[in-house]
Amino acid sequence: MWFDAPSQEVLQKLNVNPDVGLSESEAKERLEKYGENKLASQSKKSLWQLFLSQINDVMIYILLVAAIISAFMHEYSDTIVILLVILINALIGVFQESKAEKSLEALKKLSTPKAIVKREGIIKEIPSEEVVVGDIIILDAGRYLPADLRLIESANLKIDESAFTGESVPAEKDSNVTLANGNIPIGDMINMAFMSTLVTYGRGTGVVVNTGMNTQIGKIADMLNKEEDNTTPLQRRLASLGKTLGFGAVGICILIFVISMFQGRDWFEMLLTAISLAVAAIPEGLPAIVAIVLAMGVQRMIKQNSIVKKLPAVETLGSVNIICSDKTGTLTLNVMTIKKCCINNKLVSINDCDLGDNDTKLLFEGMILCNDATSKDGSKTGDPTEIALLDAGIKYDLYKEDLSTDHSRVDEIPFDSDRKLMTTVNKYDSHFKAFTKGAIDNLLKLSDKILLDGEIIDFTQEKKDEILKISNLMSDEALRVLGLSYKDIKDESVSIDSLEKDLTFVGLMGMIDPPREEVKPSIALCKQAGITPIMITGDHKNTAFAIASELGIANSINECMTGAEIDSYSDEEFNKIVNNYKVFARVSPENKVKIVKAFKFHGNIVSMTGDGVNDAPSLKAADIGVAMGITGTDVAKGAADMILTDDNFTTIVKAVEEGRNIYANIRKAIIFLLSCNLGEIVSLFVAILLNFDPPLLPIHILWVNLITDSFPALSLGIDPKDPSVMEHPPRNPKESLFAEHMGLFLALNGVLIGGVTLAAFLLGERLYMSSLVHAQTLAFVVLSFSQLFFSLSMRSREKSLLKVGLFTNKYLLLSILLGMCIQFLIIIIPFFADVFNVFILSARDWLLVICISLIPFLLNEIFKLIKYHR
Ligand code: ATP
């Protein structure tokens, strides 16, 4: 065991120096020896298993029965075609599913946590899977542990171990303790930290003692392999639509079968027809098409810097009408530069500070010592706010390394976004100094003295008002303001609770963080698309408003509210007024939840960004939780539906646009397939009702339905972006697939396709009076061609094909060409012509067929032209 030995001994055993860490070559060797640091997960389906799962479907069983009956009846060509259709259909399904699965797998990899390790003396981030025994791991708040560790350093470290212990209060950890040997429960191992638990507070360092399946979590097998339901609302709706259509199909089949029996038709022929019709009515290809379109859309989104973690998010994105965004880093660059300081009640430019003055020196010193960032020779790590403070010191030759050597840190209270403060205790010659830096409003509450011209005097309300006034002046210029207070302590063992009390105020520093250039047009685009951008920030109201008005988010300070004001309203009161506000400043993580809930109360679909440890509740409460990829903690990333790899607001807007397009494309594919299916049903049903010969053979229906349709539908699913998609208001998520007269559109086109097929058949019967086969061939080709041409019209409901651009979806053109070629080959190659029972068409027939097949497409285009012109 590792908890019963002092950390030095553990390090020796594992053969690692904690100041340097492992060498890369040693790490590589250990990785090869012990394997990757990951938990065994469910094995993936092989291609063969995927293929079998395609066959394992009621529809396929029905077709197999049909094939067997045909064989019994010596109709071998029917048997061959049915088997061929099953095979090709399953292969298309395998291709789609494996592609969809692969891209989702890649997506999962992108969002797995990383670990911060020290190797060869350098601190760096590596994928958790590459962590090996002996690695030195740096822990900070918000990060999941990549492996089991023996702690070697800890500063107020708290870890949420509820996954093991069920204890909801985070466990306090201490690296200096050595426990007695014996059977100690996990919850009591205070010098250890375990894989997949979460650092909620403080800092620490540990050495890896176990990885992968050897970790504590690896031993709890049933916690692994939790599969989340990742189907989207649309997919669920499609599944239920499929069921309804299935029942409908069975009804129609029985009806057709009964009618045809009364008409005295051949029972076997009609049985096959009924089965093919049932197959035609159920859009069996749809789920696979929807899955692949979603997966490919998600792939495209990765290229645009957004990682969608949960598939349903893609759809919800299209409905978002409120985007709540952090300010720092998302709307701004998060590149901070100190511009002004306030010392001794005077506002001065950072370039005019007098470091000879002791008060000024103390301000700089405190800001640099109470700081976790590093900035040395151009290499910077840590929070940009803190880096800016270090860089201001460097201007005056004040370096953190020197100061920290002279005044080592003996205690600290880390920054958190509730207090908006951070405190460190540093050693001075004969005493200690506690420095507290952070949000001015909170700092003033804790300070009862002020340092003015070398003297410490009472911090009266009047003096506080003066400081607030100066701070507001800085905020009005969009500066982010941080204050510094301190107090002298004799004994370092003073309790943490009394550190942030009775402080002496020193001064302020104000830093500029310019807005991102690309954000302004994105905000304008949001407004045009019916989406309201909302700024939510921990920063001061005036700073927030200055940036918000520059970006076009708010026009008046009356549209800004602070966290304290939010707290003063009950939930009901806040719900009533929330719509009047565009900027929320000085908010706490709890305020964020209240804001999300209030917006949702009005039926809005809300997206919310977050990065901190405490942001998980608001990310979960939002319809779309968006975590920051660069500055975000693992907790925020874990709770989010989507991660921005560039932390940029514009990326959210692009994702919304992509979400709208993906939904629109899926809808096109669905409506296309259903219109085609309806066409097949109409032609046969009408023919049977009117006591005609059947215009199509069962194998024709199967072929067109399962093979010819699939590729155009898939190509519609990946139709290029419609540039006008952001000119419309967001879609109501409850809206049916058939809203906006889509149902009527589908029905009309179904009737059109069915109508031209029937027309070709009747024409054929008339032209070639003696040959039923000839007429059926015409109907077969018209059915498939008219659907292929019609797919072009599906690209836009409003714009004509010329406007959309004939060549802008090359996949669709290729699919149409492919479909036509296959159809052509079936007819001219005698073997296939025999199997499909078709007649070789003359040049005149082909011309006729093409002309008739163009009718649905042309009518659609003419309709759009008339409507468009109006
Ligand atoms: P957002 O990213 O949500 O727009 P923010 O980054 O400004 O907001 P926080 O990081 O929570 O929000 O900061 C809120 C306030 O806390 C800041 O205005 C500042 O006064 C103070 N603050 C920020 N960082 C530090 C820090 N490292 N040490 C002390 N105080 C800080």
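Is Cys-821 buried, partly exposed or exposed? I found Cys-821 to be partly exposed, because its relative accessibility is 43% (under 20% is buried, over 50% exposed and in between partly exposed, with a 1.4 Å probe and protein chains only).

**Ground rules.** I am working with a predicted model, where local features need pLDDT of at least 70, side-chain atom pairs count only at pLDDT 80 or more, and totals for chains, interfaces and linings use all residues. Residues are numbered from 1 along each chain as its sequence is written, and side-chain values use heavy atoms, with hydrogens and water left out.

**Cysteines.** I looked for disulfides, meaning pairs of cysteine sulfur atoms within 2.5 Å, and the count came to zero. For Cys-342, the nearest cysteine sulfur belongs to Cys-341, 8.7 Å away. I noted Cys-342 as buried, at 1% relative accessibility. For Cys-821, the nearest cysteine sulfur is that of Cys-851, 19 Å away.

**Aromatic pairs.** I counted rings of Phe, Tyr and Trp (its six-membered ring) as paired if their centres lie within 6.5 Å, with planes under 30 degrees apart stacked, over 60 edge-to-face and the rest tilted. The structure holds 15 such pairs. Trp-267 and Phe-268 make an edge-to-face pair, because their planes stand at 75°, with ring centres 6.1 Å apart. Trp-267 is partly exposed at 43%, while Phe-268 is buried at 6%.

I then turned to Phe-574 and Phe-584, whose ring centres are 6.2 Å apart and whose planes are at 70°, so this pair is edge-to-face. The pair links distant parts of the chain, with Phe-574 in helix α20 (residues 571-577) and Phe-584 in strand β23 (residues 583-585), 10 residues apart. Helices (H or I, at least four residues) and strands (E, at least two) are DSSP runs numbered from the N terminus. Phe-574 is buried at 0%, and Phe-584 is buried at 0%. Ring pairs join Phe-574, Tyr-581, Phe-584 and Phe-599 into a cluster.

**Charges over rings.** My rule was NZ of Lys or CZ of Arg within 6 Å of the ring centre and within 35 degrees of the ring normal. The charged end of Lys-158 sits over the ring of Tyr-201, 5.2 Å from its centre. Lys-433 has its charged end over the ring of Tyr-428, 5.2 Å from the centre.

**Cavities.** I used a 1 Å grid over the protein atoms alone, where a cavity is a set of points at which a 1.4 Å probe fits but cannot get out, and lining residues have an atom within 4 Å of a point. Searching the whole structure, I found three cavities of 30 Å³ or more. The largest cavity holds about 60 Å³ of space. Its lining includes Trp-703, Phe-711 and Gln-823. α25 (698-708) and α30 (810-828) each give two or more residues to the lining of the largest cavity, and α30 has the largest share, with five.

The second largest cavity has a volume of about 50 Å³. Among the residues that line the second largest cavity are Leu-63, Asp-78 and Pro-698. At least two residues of this lining come from each of α4 (58-72), α5 (76-110), α9 (267-281) and α25.

Key
On a 1 Å grid over the protein atoms alone, a cavity is a set of points where a 1.4 Å probe fits but cannot get out, and a pocket is an open set with protein on both sides within 12 Å along at least five of seven lines; lining residues have an atom within 4 Å of a point. Grid points are joined across faces, edges and corners, and a volume is the space filled by probe spheres set on the points.
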